[in-house]
Amino acid sequence: MRGIDKPPRAREKPAARRGRPESNERVMTYIVMDPCIKCKFMDCVEVCPVDCFYEGENFLAINPEECIDCGVCEPECPVDAIKPDTEDDADGKWLRINTEYAKIWPNITVKGEPPADKEAFERETGKFEKYFSAKPGRGS
Ligand code: SF4
Ligand code: F3S
């Protein structure tokens with residue numbers, strides 16, 4: 001019907017998501033996981049409709065309170081580092097890391113220059129224990 005424009009869904013948080021957590025409702029989010037560490041391609045930040053990525057020195061975190069679970073970022077990551085939190089480690093390790101660091105790192109919305117040596121770390125596993133830096137990135 002003419003004259004009725006729907007607002008873009010991605011900019012609106014669904015009502016059920018506002019003000020969480022305050023019920024037993026299980027709210028989903030996407031999370032950044034181990035493959036991002038020292039690769040940090042940053043293609044993900046350009047597509048997020050709610051700008052909920054936060055930049056560390058060698059890793060990015062998603063703020064689970066802001067993520068609207070659209071899934072747009074997942075296929076953008078060249079190293080497959082972004083997953084729904086249903087694919088987190090059994091102890092919820094990556095949800096905790098994303099939650100903790102998204103609170104203290106600067107927001108990033110524009111792709112920067114990935115590390116020059118990123119290819120050397122693309123296939124390595126267990127990078128968190130070896131390389132993770134809690135230092136903030138520059139943000140953008
Ligand atoms: Fe942003 Fe990815 Fe969450 Fe979508 S799923 S809101 S693109 S972090
Ligand atoms: Fe990291 Fe992949 Fe984004 S490597 S910075 S999650 S595109």
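Tutor: Ligand 1 has 14 residues around it, of which Tyr 30, Cys 48, Cys 67, Cys 70 and Cys 73 come nearest, a residue being near when its C-beta atom, placed from the backbone, lies within 6 Å of the molecule. This is a predicted model, in which local features need pLDDT of at least 70 and side-chain atom pairs count only at pLDDT 80 or more, while totals for chains, interfaces and linings use all residues. Residues are numbered from 1 along each chain as its sequence is written, and chains are lettered from A and ligands numbered from 1 in the order in which they are written.

The shell of ligand 1 divides into 12 nonpolar, 1 polar and 1 charged residues (Ala, Val, Leu, Ile, Met, Phe, Trp, Tyr, Cys and Pro count as nonpolar, Asp, Glu, Lys and Arg as charged, and the others, Gly among them, as polar). Around ligand 2 there are also 14 residues, with Cys 36, Phe 41, Cys 44, Cys 77 and Ala 81 nearest, and that shell holds 11 nonpolar, no polar and 3 charged residues.

Cys 44 is also among the residues with the most contacts inside the largest nonpolar core, which has 31 residues; such a core is a set of buried Ala, Val, Leu, Ile, Met, Phe, Trp, Tyr and Cys residues joined through C-beta atoms within 7 Å, buried meaning 20 or more other C-beta atoms within 10 Å. Helix 2 gives the most to this core, with 4 residues (a helix is a DSSP run of H or I, at least four residues). Phe 53, another of its most connected members, touches Cys 44 and Cys 48, among others, contact requiring C-beta atoms, placed from the backbone, within 7 Å.

Conventions: Buried ≥ 20, exposed ≤ 12 C-beta atoms within 10 Å, placed from the backbone. Helix = DSSP H or I, 4+ residues; strand = E, 2+ residues; numbered from the N terminus. Contact = placed C-beta atoms within 7 Å. Lists of a residue's contacts leave out its neighbours within four places in sequence.
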